[in-house]
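Please read them alongside the sequence and the model.

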Amino acid sequence: SDDAVEKNKPPRIIAHRGASAKFPENTMLSFRKAINRGADWIEMDVQRTKDGRLVVFHDWSLRRTTNVEKVYPKLKSPSVGDLSYKKLRKLDAGKWKKKRFKGARIPPLKQVLRLGKKRDVKMLVELKNPGRYPGMMKKTLKLFNQLNLMKRGHKHDRVQLQSFKIRTMRHAAKHSPKVEIGLLYPDPPVTLKRLRWAQNINSYHREVERKYIRRAQKDYNIRVFVWTVNGNGGVKRAMRMNANGIITDRPKHTRKVVNRN
Ligand code: G3P
Ligand code: CA
């Protein structure tokens, strides 16, 4: 099953914010394209609106990837949490990437999860700044439950929850024993022994070594994914290290490189 740490299996390809090299990150378009281009998983970032809705968006500021300055010129550098869902949906999240993507919106988490379920891909769901959004972790787990996405070890298991915040993840594992947990990095670094409750470690690709990956897999039955790998050399190195997954902005290209090697 997907849950076991497997030997000599090609790495899973996880589309980072969708097919985000070509398409506007964390939008429905980017996720659909990623799935059509052969991603095994899609990765997304979760934040919470002022009125408590879960949405998919990466940055703390809305400026880089939306037209917030044009729509709400009076607000100074607003975040997702400063706007209601209705106001957030007025923003264009596509045009910054290319004119032809105009009209793309910040999607509700539920819509992305439904797409992944329907298209039969697994989803890597990252809680962004959980400390700044009290209740977000529980709310996300509730949604996983509602959509029937968690049955750890079962083939219908559809999600892995991840965060840089170890404490939030430990709470999540306690709160919902069925949820698959991924630790980003982890930051601060901790010994593998203390992470037995995690199923994955998702590491910065330049800092992880083959020895560490082997130890996580063999001694602790923990899988390791690496991020964010876009070049051929990085993909080959990830394969040499026997990483279980490659988190990439270029799912189609990465698939090609994996198949060649
Ligand atoms: O999934 C790993 C990666 O997404 C973590 O960094 O900043 O892209 O969310 P970031
Ligand atoms: Ca992320």
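1. Lysine 138 belongs to helix H5, residues 136-146; helices (H or I, at least four residues) and strands (E, at least two) are DSSP runs, numbered from the N terminus. The model is a predicted one, in which local features need pLDDT of at least 70 and side-chain atom pairs count only at pLDDT 80 or more, while totals for chains, interfaces and linings use all residues. Residues are numbered from 1 along each chain as its sequence is written, and chains are lettered from A and ligands numbered from 1 in the order in which they are written.

2. (Buried requires 20 or more other C-beta atoms within 10 Å of the residue's own, exposed 12 or fewer, and partly exposed lies in between; C-beta atoms are placed from the backbone.)

3. H5 packs with helix H6 (residues 166-175), their axes coming within 10 Å and crossing at roughly 40°. Axes are lines fitted to C-alpha atoms, for helices over the stretch in contact, and angles run from 0 to 180 degrees between N-to-C directions. H5 and H6 are therefore oblique to each other, the term for angles that are not under 35 degrees (roughly parallel), over 145 (roughly antiparallel) or 65 to 115 (roughly perpendicular).

4. On the H5 side, Met137, Lys138 and Leu141 meet Thr168, His171, Ala172 and His175 of H6; contact requires C-beta atoms, placed from the backbone, within 7 Å. These residues divide into three nonpolar, three polar and one charged. (Ala, Val, Leu, Ile, Met, Phe, Trp, Tyr, Cys and Pro count as nonpolar, Asp, Glu, Lys and Arg as charged, and the others, Gly among them, as polar.) Lysine 138 and histidine 175 are 37 residues apart in sequence, with 8.1 Å between their C-alpha atoms.

5. Helices H8 (residues 232-240) and H9 (residues 251-260) pack at about 50°, with axes 10 Å apart. Asn232, Val235 and Met239 of H8 make the contact with Thr254, Val257 and Val258 of H9. Four of the contact residues are nonpolar, two are polar and none is charged.

6. In helix H1 (residues 28-36), the buried residues are Met28, Leu29, Ser30, Phe31, Ala34 and Ile35. Their cover includes strand S1 (12-16), strand S2 (41-48), helix H4 (109-118) and H9. Just after H1, glycine 38 adopts a positive phi of about 95°.

Definitions and conventions:
Contact = placed C-beta atoms within 7 Å.
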